[in-house]
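Here is a short briefing for a first look. Start with the sequence and the structure below, then read on by topic.

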Amino acid sequence: MNTLSPLIHLIDDDEAVRSSLALLISTVGLRVQAWADPLAFMAGFDRQGIGAIVLDVRMPGISGLSVLDQLVAQGVDQPVIMLTGHGTVEMCRRAFKSGAAEFLEKPVDDEALLEALQNAVRAHVKSRERHQADRAARERYAQLSAREREVLGLIVAGLTNKEIGRALDVSPRTVETHRANLFAKLQAESLAQLIRGYAVLVDESAQ
Amino acid sequence: MHNAPMFDWARRYRLWIAAGLVASALGAAGLARLQLAQLRDAFETDARIAHRLLSQRVVQHDAVLATLALLQPQAESSAPEQRLTALYPQILGVQRRDREADWADARLAVAETLSRAVRRPALAGLDLAGARYQLVLAAEPTSFALQMDLRTTVPWSEWPMAPDTSPVRVTLEHDSQSFVVQPGRIGAGGWRFDFHKHLASGSQPFDVVAQRQVGWGELPWGRMAAWTLAVAGLLAGACVLLRQREERRRAEELLRLGQVARLNTLGELAAGMAHEVNQPLTALLASTQAAGRLLAEDPPDLDMARNAMTVAAQQARRAADVVGRLRRAVQRPDPAAQLQAVVLQDAVNNALYLLAPELQRRQVASQVDAPVTPVSVLAEPVALEQIIHNLLMNALQALEQVPAAERKLLITVAGDALHGTLSVADTGPGIAPDVLPRLFEPFFTTRTGGLGLGLNLCETLAGGMGGQLTAAHHTPRGAAFRLSLPLASA
């Protein structure tokens, strides 16, 4: 998995458009994979990779908007940029409602397209990172014992060790032990880091 | 085989026909009843008058007898009673029976006995068929008898009917004898009026019988026919009016549909054209911009840039081909081939007629200034109709932007030696000075949602017919469009 070099999927039935846009996109150092057939794209593209999708609205066989709907339904997280030669307000509204990241009209200016692509790639990278951090945090949180989770919840709620001990009817010493353990398990170096990384998970499990 | 369409016709209009038949029948029956009622009234009036006249006459006979009985003229002297026949033509003779004398006729004796019993004159020797009877009054010392003639009893000078020609039969009846006063005309069929009444005289209680036979021929056939015709005419008129309205509505609907269809076609065309042209333009733009970026690199990637420029040139050609193909596809057949003489006034009236609801809806007052003599121009009728329609619609849309009271549409038709001109002026907001030179450009529009093809199309159509379409400011306010076409006779 090459996360350093994002891959742009370009889907357009017109060969000249495909090759020209691919050339243009490659001038900013992005890799491009061009697809003539939307169905072949859906069947064959790498869903794990970092990158973005450039999709023409008007294609024979299947409309770009239905491709977009199917991608979203399948949980594809790459941002989708729609291209159209004859955009209407209604079409634009539908595209954004379906989850398109951007809606551009053909012929598209290089700066607009490249900026949209770079934004999309950046957003995708960020969302993947966030996702991964989230997953790691969940794994660590799962290692906590029931008592440690209780203590964590009260720490996040802003209680001192003494107050926690009183609330749980244990000695402040015991609370201190739990506290040290959970800091170690969650790899938190400060109270602020602990709260930022795990407050959401505490709220989730409290519900 | 001929009755099939006839049957269809009858079925299509069966409601109208049924309504017509019912209305005709009701009207005719009403007219007939009215006529019968009038005839009955006339008959009864005549019969009553006849009864009264006859009653008065026979009462006179009683009076004459009473007078004789009272005066008791002497038989030996001048016998004045014998002069009565001269005074009363219906009295044929007077007989007398003096005390201890006898009647020559035994029937008179019987009548006298009766008269003495009832103390009023009594009938004797009744012969109604022969129009004769006698009237006897018992008195002291002398009883009198009158020999009567019925025919002269009838007061013909005052008689309400013409006895020879009247259709009314009048008879006097008594003891199953009868005297025909006038024969009338009694036939079979139709209606019969009857009148029975005894004469108002105790001594001569003859039954006055009047009869009137109204035959079918006496019904007011002329008026009934006229009524039926009037009903048929009215219904046919209403039917035609409704059908005209229906047809007009349909024509308007068709017109509207045509406009929508034309717009849809144009929309489709624009979408298709946008796609067909945008593809090569997209490739062209992307290639040239990529080439620019490649050349800006250090060192510049000359080979790639050259390739990109080749692609760009190819795509520019492709775009040009698409445009050429589109133009050939939508090219109209040469309108000059279908030129014919069209009267401008007719074309204007037709367009105004079709747009009448639109004018009404927008409360636009329209005024047409046209010479009485028809201005006949060479034009393709459909193209001309389309131009006028577009100009009028444009004007109406412009007028929507000003208050209803200021909405005026002025249409002028004129002709000079060579050209017929039609001018459509409105009092709308007018054309901005910077817009005026671009007015006829394709896809130029100031209306949101407008395609910008209407005036362009009009100008192209006008040019194709050898004419000209120009736009100008209208004083004091608004826009004026002027269409000029060659005269048909020029």
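In chain A, among contacts between residues at least 6 apart in sequence, 63% join residues at least 24 apart. Contact here means heavy atoms within 4.5 Å. This is a predicted model, in which local features need pLDDT of at least 70, side-chain atom pairs count only at pLDDT 80 or more, and totals for chains, interfaces and linings use all residues. Residues are numbered from 1 along each chain as its sequence is written, chains are lettered from A and ligands numbered from 1 in the order in which they are written, and side-chain values use heavy atoms, with hydrogens and water left out.

**Chain A overall**

- Chain A has nine helices and five strands. Helices (H or I, at least four residues) and strands (E, at least two) are DSSP runs, numbered from the N terminus.
- Along the sequence, the pattern of chain A is β-α-β-α-β-α-β-α-β-α-α-α-α-α.
- Chain A has 207 residues, and 44% of them count as buried. Buried means under 20% relative accessible area, exposed over 50%, and partly exposed in between (1.4 Å probe, protein chains only).
- The accessible surface of chain A is about 10,800 Å², and carbon and sulfur atoms hold 51% of that. These areas come from the Shrake-Rupley method with a 1.4 Å probe; for residues, only the protein chains shown count as cover.

**A:His86**

- A:His86 sits in the loop between strand S4 (80-84) and helix H4 (89-98) of chain A.
- The relative accessible area of A:His86 is 31%, so this residue is partly exposed.
- A:Val57 is 29 residues from A:His86 in sequence, and the two are 9.1 Å apart in space, C-alpha to C-alpha.

**Backbone exceptions in chain B**

- Most residues other than glycine have a negative phi, and most peptide bonds are trans.
- The bond from B:Glu140 to B:Pro141 is cis, with omega near 0°. B:Pro141 lies in the loop between strand S3 (132-137) and strand S4 (143-149) of chain B.
- The bond from B:Asp298 to B:Pro299 is also cis, with omega near 0°. B:Pro299 lies in the loop between helix H6 (221-296) and helix H7 (302-330) of chain B.
- B:Glu100 is not a glycine, yet has a positive phi of about 65°. Its loop runs between strand S1 (91-97) and helix H4 (106-118) of chain B. B:Glu100 is exposed, at 76% relative accessible area.
- B:Ser176 has a positive phi near 55°. Its loop joins strand S5 (168-174) and strand S6 (177-182) of chain B. B:Ser176 is exposed, at 83% relative accessibility.

**Nonpolar cores**

- A nonpolar core is a set of buried Ala, Val, Leu, Ile, Met, Phe, Trp, Tyr and Cys residues joined through side-chain atoms within 4.5 Å.
- The largest nonpolar core has 46 residues, and those with the most contacts inside it include B:Leu146, B:Trp159 and B:Phe206. H2(B) gives the most to this core, with 15 residues.
- B:Leu146 touches residues including B:His61, B:Leu68, B:Ile91 and B:Tyr133, not counting residues up to four places away in sequence.
- A second, separate core has 44 residues, among them B:Leu344 and B:Val402.

**Cysteines**

- Over all chains, the count of disulfides is zero. A disulfide is a pair of cysteine sulfur atoms within 2.5 Å.
- A:Cys92 is partly exposed, at 22% relative accessibility, whereas B:Cys458 is buried, at 0% relative accessible area.
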